[in-house]
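Please prepare a briefing on the model shown below.

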Amino acid sequence: MTIDLTASHLASDARLELSGIIGDPDRKVARLGSLANADSGCLAFARTLAMVHAQGERLAGCTVICPAPAENETVPEGVTLLLSDNPRLAFVRITENYFLPPSPEAGIHPTAVIDPTARIHPTAHVGAFCCVGAGSTIG
């Protein structure tokens, strides 16, 4: 699945409870990362702007942060900040809404082994090479 997200798209999503943007609203967000392994296409989160500065040259292109930087604090060049009262929660919501793989379809894979006494709910997914034992209930 190709994700074509920008900072402004994320900021406009009410589910994320972001309060604003500082920097380029058209900043592309291609993947998630931590501050320690970020690059210009990553979204990361930080509690403070000092944590962002501490990363030196290896900066996330977009960082969820709380609170808004003070007037005398400078945002590193090439970094867009998404403001949130709870950056960790906002990061989790972004992950859940934009980066989780889709749920598998209901059904039983042909290579799964199911005991005849097992009960499998019609909405459950039993994956490849799974074994469901006697008396088991899935879903």
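The structure holds 1 aromatic pair, where rings of Phe, Tyr and Trp (its six-membered ring) pair if their centres lie within 6.5 Å. Phe45 and Phe91 form this pair, which is tilted, with 5.3 Å centre to centre and 50° between the planes; planes under 30 degrees apart count as stacked, over 60 as edge-to-face and the rest as tilted. This is a predicted model, in which local features need pLDDT of at least 70 and side-chain atom pairs count only at pLDDT 80 or more, while totals for chains, interfaces and linings use all residues. Residues are numbered from 1 along each chain as its sequence is written, and side-chain values use heavy atoms, with hydrogens and water left out.

**Setting of the aromatic pair**

- The pair links distant parts of the chain, as Phe45 lies in strand E5 (residues 42-46) and Phe91 in helix H3 (residues 87-99), 46 residues apart.
- Helices (H or I, at least four residues) and strands (E, at least two) are DSSP runs, numbered from the N terminus.
- Phe45 counts as partly exposed because its relative accessibility is 22%, whereas Phe91 counts as buried because its value is 14%.
- Buried means under 20% relative accessible area, exposed over 50% and partly exposed in between (1.4 Å probe, protein chains only).

- E5 and E6 pair in the parallel sense over 4 bridges; two strands pair if DSSP finds at least two bridges between them.
- Ala46 stands opposite Ile65 in E6.
- E6 is also joined to strand E7 (residues 80-83) by 4 bridges, and these two strands run parallel.
- Thr63 has Leu81 in E7 as its bridge partner.
- From strand E6 (residues 62-65), Cys62 and Val64 point one way and Thr63 and Ile65 the other way, and all are buried.
- In a regular strand the side chains alternate between the two faces of the sheet.

**Whole chain**

- The protein chain comprises 3 helices and 13 strands.
- Its radius of gyration is 21 Å, whereas a compact globule of 139 residues would have one near 14 Å; the radius is taken over C-alpha atoms, and the globule rule is 2.2 Å times the number of residues to the power 0.38.
- The C-alpha trace spans about 70 × 30 × 25 Å along its principal axes.
- Buried residues make up 35% of the 139 residues.
- Of the contacts (heavy atoms within 4.5 Å) with a separation of 6 or more, 34% are between residues 24 or more positions apart.
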